[in-house]
Amino acid sequence: MTEQVAVDNLIIWEFDFAMTTFYEVDTDLITPLLPKQISPMEIVPGVSLLNITAFNFPEGGLGHLPNFQELIASIIVTPDLSRGVPKFAMYVFSLGSTCQKHLDHSADYYKLPSYKKLEYGKINRLDNTLEFGDTDGSILTMNNCSTNIGDFLGHERYFQAFVLQDDNLFIADLYLKAALFEHQDQGDAGIINNHPFLKGLELFDEERVPYLQMLLEPGTRGKQFYYKPEKYG
Amino acid sequence: MSEQKSKEKKPSYTEFTLDMFSRSSGKNHAEIKQFNQWREDVVSADKYTFEMPHLTPQTPEIVVRRIHGDEHRLFNFSSYNYLGYANHPEVINAAKDALDKFGLGATGSPLLNGTFDIHKQLEHALTDFFGQEGYGISLFSSGYGANIGVVSSYIHKGDYVVLDHSSHASLIDGAVMSQGTLKLFRHNDAEFLERILKRIAKENRRILVCVEGVYSTGGDYGNLKDIVTVTKKYGASILVDEAHSLLVAGATGQGAIEKFDVLGDVDLLIGTFSKSFGGVGGCLYAKQELINYVNYYARSRMFSCALDPAVTGGILKALELATGPDGYAKRKRIVENADHLRSLLINKVDIGTSQSWVIPIIFGDERKSIPLADYLMRKGYDFSIMMFPAVKKNKSIIRAFVTSEHTKEQLEGCAEALIDAAKEYDFAL
C-alpha cells in the first residue's frame, strides 16, 4: 500500500462515524443520472449499484468546521484503471450536509453536486442506525443489515470519484484508511424515501436490496485522503 | 499517482480481486495491462494454480503440471466427475464405438445436417428417463449453450426473467441475450420472489423464474417446493437447471425435481452432460411442442455444431449405467462420502449450508485466496477456490467436490488438509 504525502491539492478528512450501503437497482433507473462518458459497473447485466454513505465529521475533522453530518449518493461506475486499481469508482450525484460551509466548499473545491443543507443527521452509534432529512421530510433511514457485527479489518483502499459540473466531467482520487466491517448480508437496511435528494430516482421496495455494507469500527476514526478533481476526458 | 510515495508494496494478488480488472473507462484498455500485471505477479511468485494441464484422467488422484513445469500428484477434489463416468471403461468403449461408426465431429448444425442416429437415441433415452407423456429433449453442445439458448428463445423484449441471486452465469447471460428485464431475488427466498412476482405480474407479460437443483457455490438444494408454488400462483413459468444434480439427486437420479417431487410442475428442465455424465453438452427437457420451437429458435443450438458423436455415445452409456444397479450404488456412495466429509469438517471449519456433494469451506478474506490455493496444492490437494464477486465479500470459499469414487482414506486426508489449512490461514472454528 502507499502512504499519502501532503501536497497542495490534497485535503485529509477525519471522521468518527461512517456507514455506507450499496443497493441493487435496475440499470434502466439510474442510467438517466449518468453522464454519457461513463457507464455503470453492473453486478449482473441490468443490475447496478446505488451507494449511499453517511459520515459524521467531528469538530476539527475537516479544517475549522464544526461537528456536522454528511450524506452522499452515488452510482458505482466503471473505473479508469490507467490511474490505478480502485476498490470502487463512483459517480457522485447528490451531496447533503448539515453544514452550509461544508456544502459551499465541496461545490467549489470538489465540484460536488450540493443538494442543500440538511435539517438533521441523526446517528445512533450504539445500534448503528441513522436517519437524515430536511425540510422535505425524511430522506432515509439506514441500519446495519447484518445479523452480527465484526470483524473490523484495517482497510487502506484507493477509490475514484467522478463528478459533473457545468457539463464538464471531473475525476478525483481518494484514499481511505479505516477499520471497517464489510459484509454482504441482505437483511433489512432501512427505508429510502422518494425524496428530491435522490434527483428523481424512485425505488420499489423489492429493489432496495443491500448488496454490500461497510461500517466504521465504533470508537475509532477513519481518514479520507481526498485529492482535488481533475478534468476528465 | 505522482503524489504517492511507496512505503510498503504488497503483492497485487493479496490486494485485488478479479472483478477489479474487468472494465476500465477511457480509450486505452488499461484493464488489460492491469490484469496482466496481476497475473504476472502471481506467476512470478510461483503461486499460479489456474489453467494447469492435467496429465491423467479426472480420477480421485491426478497429476498436473504447473506453469513453471513442475509436476504434482494430487488428490482431486475439484472435478465434477461425480459418478466417475468420465473414465468408466464401458463409457470409454461406447465413445470409441461411436467414434469408429460416425467419425470425429458432427460437422453441422443439429437442425441442418449435424444430427446423427446416435443423437436421436440419446434424445429418446433421456425422454424415457423422465417418463412424461408428450415431452421431449433438445440437445445442445454445452450446458452454457443450453441455458442461453433456452432462456433467450423463450423470453423476448419486454418480458421478465427472475433469477435466484446465486444463479449461474449462463442463466444471467441467457436473460441478457433475451433482452427481457432481469430481476434477482434473494437466494432461495420464496417470499422475496413473491414480492417481485406480485408487482410484475400486473403487467401481463411473460415471466420466467430460473432456479437450480443444487447450487454450485453453496452446495445447497434449490427451495423448489416453495418456489414452484409461488411461481405457479402468479402464472409464471419455471426453469430448473439440474447441472449439479442430474443423475446424482433423487432416488433414480432424475435430480432435485425428483427429490422434491415437482417434476410435473416444471416447465423447462435443463441438464448438463459435463458433470455426472462425464462428457460435455447440455439438454432441455420440456413439452414436445416447446422442444420443436427451441430446436429452431435457440440461436446457441442453431449456430453451433451438434454434439460430437463419440461424446454422445459415451453419454448414452453413462445414462444406461446410471439408471441401473451401478447408478444406484454410486448415488448411495456419493451421499455417504459427502456426509462423511461433512462430519469430519463440521465444528472445525465453516461449511455453510451444504447439503450435497458440493462442500464449501468458508475461509473469508478474499486476499488469502491465491496463497491458500497454492498452499493446498503443495500439500497435495486440488480444490476449487472462489472469491468475491463469485461469492460474498469476506465469504471466500474452498470448494470440495466429492465423488462416488473417493475412498474413505482420501476423504479423511482431505479433511485433515483442510483443517491444517484452517489453522495456518486463521479460519478454524
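Cys414(B) counts as buried at 0% relative accessibility, where buried means under 20% relative accessible area, exposed over 50% and partly exposed in between (1.4 Å probe, protein chains only). Cys145(A) is buried too, with a relative accessible area of 5%. A search of the whole structure finds zero disulfides over all chains, a disulfide being a pair of cysteine sulfur atoms within 2.5 Å.

This is a predicted model, in which local features need pLDDT of at least 70 and side-chain atom pairs count only at pLDDT 80 or more, while totals for chains, interfaces and linings use all residues. Residues are numbered from 1 along each chain as its sequence is written, chains are lettered from A and ligands numbered from 1 in the order in which they are written, and side-chain values use heavy atoms, with hydrogens and water left out.

**The seven-stranded sheet of chain B**

- Seven strands form an open sheet in the order β4-β10-β9-β8-β7-β5-β6 (chain B), with mixed pairing; helices (H or I, at least four residues) and strands (E, at least two) are DSSP runs, numbered from the N terminus, and two strands pair if DSSP finds at least two bridges between them.
- β4 (135-140) and β6 of chain B stand at the edges with a single partner strand each, so one side of each has no neighbour in the sheet.
- Neighbouring strands here are turned by 20 degrees against each other on average, direction ignored; axes are lines fitted to C-alpha atoms, for helices over the stretch in contact, and angles run from 0 to 180 degrees between N-to-C directions.
- Four bridges join β9 (residues 268-272) and β10 (residues 282-287) of chain B in the antiparallel sense, and Leu269(B) stands opposite Tyr285(B) in β10(B).
- Helix α3 (residues 117-130) of chain B lies across β4, β9 and β10 of chain B, running at about 135 degrees to β4(B).
- Helix α9 (residues 288-297) of chain B also lies across β4, β9 and β10 of chain B, and runs at about 135 degrees to β10(B).

**Helices α4 and α5 of chain B**

- The axes of α4 (residues 143-154) and α5 (residues 169-178) of chain B come within 7 Å and cross at roughly 35 degrees.
- On the α4(B) side, Tyr144(B), Asn147(B), Ile148(B), Val151(B) and Ser152(B) take part, and they meet α5(B) residues including Leu171(B), Ala175(B) and Met177(B); contact means heavy atoms within 4.5 Å.
- By class, the contact of α4(B) with α5(B) has six nonpolar, five polar and one charged residues; Ala, Val, Leu, Ile, Met, Phe, Trp, Tyr, Cys and Pro count as nonpolar, Asp, Glu, Lys and Arg as charged, and the others, Gly among them, as polar.
- The buried residues of α5(B) are Ser170(B), Leu171(B), Ile172(B), Gly174(B), Ala175(B) and Ser178(B).
- Those buried residues of α5(B) pack against α4, β5 (160-164), β6 (181-185), β7 (207-212) and β8 (237-241) of chain B.
- Just after α5(B), Gln179(B) takes a positive phi of about 65 degrees.

**The three-stranded sheet of chain B**

- Here the strand order is β11-β14-β13 (chain B), in an open sheet with antiparallel pairing.
- β11 (358-364) and β13 (384-386) of chain B are the edge strands, each pairing on one side only.
- Six bridges link β11(B) to β14 (residues 396-401) of chain B in the antiparallel sense, and Ile361(B) stands opposite Ile398(B) in β14(B).
- Helix α12 (residues 325-345) of chain B packs on the sheet by touching β11 and β14 of chain B, and its direction makes about 25 degrees with that of β11(B).
- Helix α13 (residues 369-378) of chain B lies across β11, β13 and β14 of chain B, running at about 170 degrees to β13(B).

**Strand β3 of chain B and its partners**

- β2 (residues 61-65) of chain B runs antiparallel to β3(B), joined by five bridges, with Arg65(B) opposite Glu71(B).
- Five residues lie between the strands of this hairpin, and Gly69(B) takes a positive phi near 100 degrees.
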